[in-house]
There are 2 protein chains.
Amino acid sequence: MLLCDIGNTSYHFQSIQTDYKEDVNSFLPQSVNQTVYYICVNPKINKLLIDLDNWIDVSQYIDMKNYYETMGVDRIIACEAIVDGVIIDAGSAITVDVVKKNIFEGGFIYPGTVAMAKTYKDISSALEYPFNFQIDLNSLPKNSQDAISYGYLKTLYTEVNSLKQSIYLTGGDAEKLLFIFPNAIVEKNLIFNGMKKVLERVL
Amino acid sequence: MLLCDIGNTSYHFQSIQTDYKEDVNSFLPQSVNQTVYYICVNPKINKLLIDLDNWIDVSQYIDMKNYYETMGVDRIIACEAIVDGVIIDAGSAITVDVVKKNIFEGGFIYPGTVAMAKTYKDISSALEYPFNFQIDLNSLPKNSQDAISYGYLKTLYTEVNSLKQSIYLTGGDAEKLLFIFPNAIVEKNLIFNGMKKVLERVL
């Protein structure tokens, strides 16, 4: 079974044998002959795939009543992958979603590491520092780099921990956030796992 | 006694009789004849004032050993104004500083409301919403506007409340944050109060 997670920059393919990415701007989806089960957050590509019979949109198999209309399908599929816990998907945004007994309880959106570093820099050049992910979150900062790192990371940490759930980390910056959430489970394949779980119910 | 808090956009004057602002780009500080006690976070204006004998920099009277070198003098002076508590100064950045028994314990920097709204918008046009300051912080969001509002505000709320201190709100967005911290004390004159307290010790 060939699975595909389509974002704003790449087609990410995965099967038992393979795991590879193709550029959204140059890859031709009609070049694939086998059946591809996909989710897609890219509106332009979505239009392209609707006419290809071997590309099957997995989102059609999801019971949407537990989610909300403008929620990204990648967040939804990640929620489908777990039974209980908090999913932190750290990409251009950091989405934090809570699932209890297979039901989505709600979630929030926090800026990703690149976006937030730019935010501080744009407020003042005096706040242009890389984040210190190894900051001691138990003591209040007394220097500028830690003052922004704590502002960005401790607030997220305190809120997520207050949810008192198991934490699943996924997305490109999962490893960075592992410094902040050392007991989290890093699960790079959460999206593909969610797709498989949805497909197992219907195929 | 004429006090002046100089920022990046204005000279803010205050005395018992008066409270007014002048534009930093057009106002001539040499036009003032009386003694002015000031703090200034604007490096260009700082250079201008050093040659004017009737402009007295209040920061010279502060015992800096409790603070750190790159900390803004406005944050320092606000800390001087209180004995115990958390100061949330909501401007282009939101600074959160903790004072215990007159001693600065540390603090952190979070993006201001305008900067953070731009951050979400720049991540995705799907996240371009005004923040909902009246959001229910006790339930996880199930719509996009609340998902970013909760991401911005609940994280700050949970962290600040975990400090278990009285909260002083100041800065241009103090009233907005009062929705989130309804028990906070709004103190518009925290900077001027801090200047007066420092001057009382030395004059």
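Student: Where does B:N102 lie?

Tutor: B:N102 lies in the loop between β7 and β8 of chain B. As to conventions, this is a predicted model, in which local features need pLDDT of at least 70, side-chain atom pairs count only at pLDDT 80 or more, and totals for chains, interfaces and linings use all residues. Residues are numbered from 1 along each chain as its sequence is written, while chains are lettered from A and ligands numbered from 1 in the order in which they are written. Helices (H or I, at least four residues) and strands (E, at least two) are DSSP runs, numbered from the N terminus.

Student: What is the phi of B:N102?

Tutor: Most residues other than glycine have a negative phi. B:N102 is not a glycine, yet its phi is positive, about 70 degrees. Likewise A:K164 has a positive phi of about 50 degrees although it is not a glycine. A:K164 lies in the loop between α4 (144-162) and β9 of chain A.

Student: Is A:K164 buried or exposed?

Tutor: A residue is buried if 20 or more other C-beta atoms lie within 10 Å of its own, exposed if 12 or fewer, and partly exposed in between, with C-beta atoms placed from the backbone. A:K164 counts as exposed because it has 7 C-beta neighbours inside 10 Å. B:N102 is exposed with 12 other C-beta atoms within 10 Å.

Student: How many residues of helix α2 of chain B are buried?

Tutor: In helix α2 (residues 73-81) of chain B, 9 of the 9 residues are buried, so the helix is largely enclosed by the rest of the structure. The buried residues of α2(B) are B:V73, B:D74, B:R75, B:I76, B:I77, B:A78, B:C79, B:E80 and B:A81. Strand β4 (residues 36-40) of chain B is mostly covered, with 4 of its 5 residues buried.

Student: Which strand do 5 bridges join to β4(B)?

Tutor: Two strands pair if DSSP finds at least two bridges between them. Strand β1 (residues 2-6) of chain B is joined to β4(B) by 5 bridges, and the two run parallel. Within that pair, B:I6 stands opposite B:C40 in β4(B). β4(B) is also joined by 3 bridges to strand β5 (residues 55-57) of chain B, again running parallel; here B:Y37 stands opposite B:I56 in β5(B).

Student: In what order do the 5 strands of the open sheet in chain A stand?

Tutor: The order is β8-β7-β6-β9-β10 (chain A), and the pairing is mixed. β8 (103-111) and β10 (185-186) of chain A stand at the edges with a single partner strand each, so one side of each is left without a neighbour in the sheet. Strand β9 (residues 167-170) of chain A pairs with β10(A) in the parallel sense over 2 bridges, and A:Y168 stands opposite A:I185 in β10(A).

Student: How many residues of chain B are in contact with chain A?

Tutor: Two residues are in contact if their C-beta atoms, placed from the backbone, lie within 7 Å. On that basis, 37 residues of chain B are in contact with 37 residues of chain A. β7 (93-100), β8 (103-111), α3 and α4 (144-162) of chain B each supply at least two residues of the side that touches chain A. α4(B) gives the most, with 11 residues. For residue classes, Ala, Val, Leu, Ile, Met, Phe, Trp, Tyr, Cys and Pro count as nonpolar, Asp, Glu, Lys and Arg as charged, and the others, Gly among them, as polar. The side of chain B that touches chain A has 19 nonpolar, 13 polar and 5 charged residues.

Student: At what angle do the axes of α4(A) and α4(B) cross?

Tutor: Axes are lines fitted to C-alpha atoms, for helices over the stretch in contact, and angles run from 0 to 180 degrees between N-to-C directions. Angles under 35 degrees count as roughly parallel, over 145 as roughly antiparallel, 65 to 115 as roughly perpendicular and the rest as oblique. The axes of α4(A) and α4(B) come within 8 Å and cross at roughly 85 degrees, which makes α4(A) roughly perpendicular to α4(B). By class, their contact has 2 nonpolar, 6 polar and 4 charged residues.
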